Every structure is written in structure tokens, then in C-alpha cells.
Amino acid sequence: MGVSIEVKDLNAWYGTTHTLQDINLNIPANHATALIGPSGCGKSTFVRCLNRMHETNPVARVTGSVQIGGLDIYEDASPVEIRRRVGMVFQRPNPFPTMSIYDNVASGLKLNGYRNRHELDEIVERSLKHSALWDEVKDELKKKSGASLSGGQQQRLCIARALAVDPEVLLMDEPASALDPVSTAKIEDLIFQLKSQYTIVIVTHNMQQAARVAENTGFFLMGKMIEFDSTHKIFTNPSDKRTEDYITGRFG
Amino acid sequence: MARTNEFALRNRMRWFGDHAASFLCVTATVLVVAPLVAIFVYLIFKGASSLNIAFFLHKPAPMGETGGGMANAIIGSGLVLGVGSLLGVPIGIGGGIYLAEFGRGGKLANIVRFTADVLNGVPSIVMGIAIYSLIVVPQKHFSAFAGGVALGIMMIPTVTRTTEEMLLMVPHNIREAALGLGVPNWRSVLSITLKTASPGVITGCMLAFARVAGETAPLLFTALGNDFMSYRLDEPIATLPQQIFVYAMSPDDEWHRLAWGGALVLILLIVIAVSLVRYVTSRGVLKGAS
């Protein structure tokens, strides 16, 4: 099941650049939450702070608190534990090129020492079904490399890989921006189905996409969160002038 | 119709330029490959006739007698190169991993990288003398082990630098994918980054292996050579390059013949070893991988 996320006074830096400034936000469980805003506004940095990927950059720094399902991820747990509970799907599909489709999906478990073959088979099948890729690859699971799939299939493979470790939250950083419209539609369908079981945070440049998949939407601008509300309200009657300017296409 | 003429002229110029460039490329390729082919053909011409069962099964006959072989040198080369690879490959790969993944940009990494480059430039005879004074003198005897150490140290810089370069070529998003799954960094480095880079890393190891397989100088003061069959690491041992050197310098025609045969076998063994490693490591590669 998904869990809620509470962000308090979150600040993040890359070197001396203050990328995120005093973000306060509550993301409800089992909903899809979209983050929109122009390039460089900090929305990617924000999601990377939610699974402590931000700090893998040596010049990065972060302050404030993030509670995921009541657990303070910067105080009470190691980054490795957090990343198992908070899965991530990246902008460009990044399957492991040396691994088969099967091994890609099983990688999160296998690399953490999980060895039960029978259960792995089940988990791989379930994850691929969840990510709506099973029917397309079931005959060549162990023969074909993950890198031999099409871009859209690769991204669904990456989603399956993230789901296989059974996370509570799924972060998606522009998951469809490198894909064609058909693949994008498939990913969006997927998000719709997945949110019954996971809390989903999706960064997107595509405002229609936010409107289609997310209950709530946050608008970021220059490292600050300008507005957070129901998607319907953001797109029809935003309270901040800057949000209105952005969604009506006056800038960004 | 001046315009059509101009067009035809330009077309002809393009045809000429295209063929001239192709010609230059082909010439360059031939020049690169020719010496290799020439050496190989000449070796087969001179050496093939002395290759027979006895060559591979017998130890050398005393000077002046016919027959005899280089079995002891073939086994010796195998042992010495085995020791060298056991030492050079793990240390070299470990160093490369440190440079690319952990020490990146740090002071120690720069020192390690600089040392490796200097070590690469150390003349092999100097390496022989160094190992002589560090291992042979304290132990008071020459040994296959000392020869292996000398070759192993010579392998390290090549393996380290190629490993580093190959690891750096692994795309950043592959590392992020592993970390994002909650895989610890050390595990991600070994199972994802190193594995993705493994074809290149293996090529680096083979390059280093092939290079030291033909080294003679560092073995002169370390493995020394041996006219008898030996399987022991703590005794002097014959190796192909060193045996070829001794035989080629001798006044005996029979030994000259063996030296040619030895040279051919040395090259063949290197080719076989490299092909074997490539074959073994390329099995299990998936359709469409990388």
C-alpha cells in the first residue's frame, strides 16, 4: 500500500546554487501527484530528495525533513533502505544493458541477495503484468537483453524493475518525455492503475499529462513551490497569478 | 549551358575526391596490417618445419644433438604468466575501480594514476633488476615465482588504466538506476558498472597479458631459465622468450631451428589464449545487448 509524504522546510543546494527553497508539502497516499514548472525550477531535484538520490552528487546538500509513512528518511534510515521503499523511474529508460529482461526486473532483489528462484519467477511475472509489458516479452524473458526493447517497452521494463522491490512510493521523473504518443498513453494508463497500490509522484513538462493522471498538482518556479492544490483547481482556477501565467502559456 | 557544365565538373571532382580518400584509407590499412602478416608468414616459413610432437613433449637436447623440444619452456611460460596474471589482473582491476568510482578527482587518485603511467614507462630490464634485488637476492635463488611477479607488476598499469577508462564510459544513468533500486554502492559498482564495462576491461587484461607474454628482459634475472623440466614455482624455470633468446644467440643450427619454432609457438599461444578468453567471456551474451 502507498503511504503519505510530509515535506517540511526542505532546502537543497548543488554547490552554491540554492535549488530548492523552503518547500512544505503534504502528498496524500495512493494518489498521483503531478509536479509541473519550467525547466530548472527544481522539480526534479525535489523528487530526488524524496529517495535521497540528490545526495549521490558530491556537491549536493539538503536540509529540512521528509517523512514517508511516518519515517523521517533523513534521520531514521539509510539511503539504501529508503530507496527500496521509494522506487524511481527516470526520464530516459535505463535498463541494465548486460542483463536479460528477466534479470532486469529481478535485479533489485537479486542484487540485495534475494535468491528464492520460485518466488523471483512469480515476482517478475507479476511486476511485468503490472507494467503491462508481460504479453509482449513473456516468450523471450531470459533470451533477450533489456536494451533490445523499444524505448516505450524499456520504460515499462524500468517501471516493472522499480515495482519488483515492492516500494510504497513511486517517483517518476518525466517518465514519458522521451517516448512517442502511443507509448506515453500506455505509461499514463499504467499510472492510473498503479495508484491504487502506490503513492505516485510524477514530474512532467506536459500539462495535459498532469491533468490526465494526477489528482493533485504542485507548481514549482525558481526553486519555490508556488501553489499546491487539486489538479482541477490548478488548471481551472489557480490562486496565484504566476501559476495562471504558466498554465496559460504566458511563459515557460 | 554553363550551369550544367559546372554541375558536371563538380560531380567529377567529387568522384575524384571520394576515390582519392578511399585509396588513402586502404593504403594506410595495408601499411598497418602488412608488417603483422609479414612477421607471421615468415615465422611459419621458418618455424613450422621444426614443430613436431617432440617439440611439444620433450625438453631440449644438449647442443649438437638433434631432436629435443621446448616442452619445459612452454610449461614455464604458462606458469610464469599464470602467476603474473593472478597478481596483475586483480590488482590492476582493483586500481581501475578505485580511480573511476571512489577516488575520482581526489589527490590520492591523481597520485595513483601518475604512478601507473610512470610504471608503464619503466623499461622492462629495470623491472627485472628491481625484482632481482627485491625477491631473488633475499631468497638467494632464481625462481618462476620471481619471474611471475615481475610480469605481474608490468601488467598492472595497463589493466588499471583501461579498467578506469572503460568504467568511466558506463553511462551515469545506469549507475543511478542501480542506486535507485536500493542497491548499495559497492554492489552496484561490482555487479552493474564493472559488468557493463567488462568487455573493455577484458580487452585491457588481454592486451597486458599479450604484452608481457613476449617479455624477455625481466625474466633474465628472475626466472633465469632451466634446461630441465620443472613445474615448481620456487626454482628457476625456462620460458619461451628467454629460451628463444638463448637459442638464437647460440652457434648451433639445430638450436636456431628450435628458436624459430619457439617464436611461432609463442605467437600461437598468445593468439589462442586471447581467442579463448574472448570466446568464454562472450558466451551467454544476450541478443541485442549493448
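Visitor: Which residue in β7(A) stands opposite Val89(A)?
Guide: This is a predicted model, in which local features need pLDDT of at least 70, side-chain atom pairs count only at pLDDT 80 or more, and totals for chains, interfaces and linings use all residues. Residues are numbered from 1 along each chain as its sequence is written, while chains are lettered from A and ligands numbered from 1 in the order in which they are written. β6(A) and strand β7 (residues 169–173) of chain A pair in the parallel sense over four bridges, where pairing requires that DSSP find at least two bridges between two strands. In β7(A), the residue opposite Val89(A) is Met172(A).

Visitor: Which strands stand at the edges of the six-stranded sheet of chain A?
Guide: This open sheet has mixed pairing and the order β6-β7-β8-β3-β9-β10; strands are DSSP runs of E with at least two residues, helices are runs of H or I with at least four, and both are numbered from the N terminus. The twist averages 20° from one strand to the next. Two strands have a single partner each, so one side of each is left without a neighbour in the sheet: β6 (86–89) and β10 (224–230) of chain A.

Visitor: What is the radius of gyration of chain A?
Guide: Chain A has 10 helices and 10 strands, and its C-alpha trace spans about 55 × 40 × 30 Å along the principal axes. The globule rule (2.2 Å times the number of residues to the power 0.38, with the radius of gyration taken over C-alpha atoms) gives 18 Å for 252 residues, and the chain is close to this value, so it is as compact as a globular protein of that length. The radius of gyration of chain A is 18 Å.

Visitor: How are α6(A) and α7(A) oriented to each other?
Guide: The axes of helix α6 (residues 151–164) of chain A and helix α7 (residues 181–194) of chain A come within 9 Å and cross at roughly 20°; axes are lines fitted to C-alpha atoms, for helices over the stretch in contact, and angles run from 0 to 180 degrees between N-to-C directions. Angles under 35 degrees count as roughly parallel, over 145 as roughly antiparallel, 65 to 115 as roughly perpendicular and the rest as oblique. The orientation of α6(A) and α7(A) is therefore roughly parallel.

Visitor: How are α3(B) and α8(B) oriented to each other?
Guide: Helix α3 (residues 71–102) of chain B and helix α8 (residues 185–213) of chain B have axes 10 Å apart, at an angle of about 140°. α3(B) and α8(B) are therefore oblique.

Visitor: Which element gives the most residues to the side of chain A that touches chain B?
Guide: 26 residues of chain A are in contact with 20 residues of chain B, contact meaning C-beta atoms, placed from the backbone, within 7 Å. The elements giving two or more residues to this side of chain A are α2 (79–85) and α3 (101–110) of chain A. With four residues, the element that gives the most is α2(A).

Terms used:
Contact = placed C-beta atoms within 7 Å.
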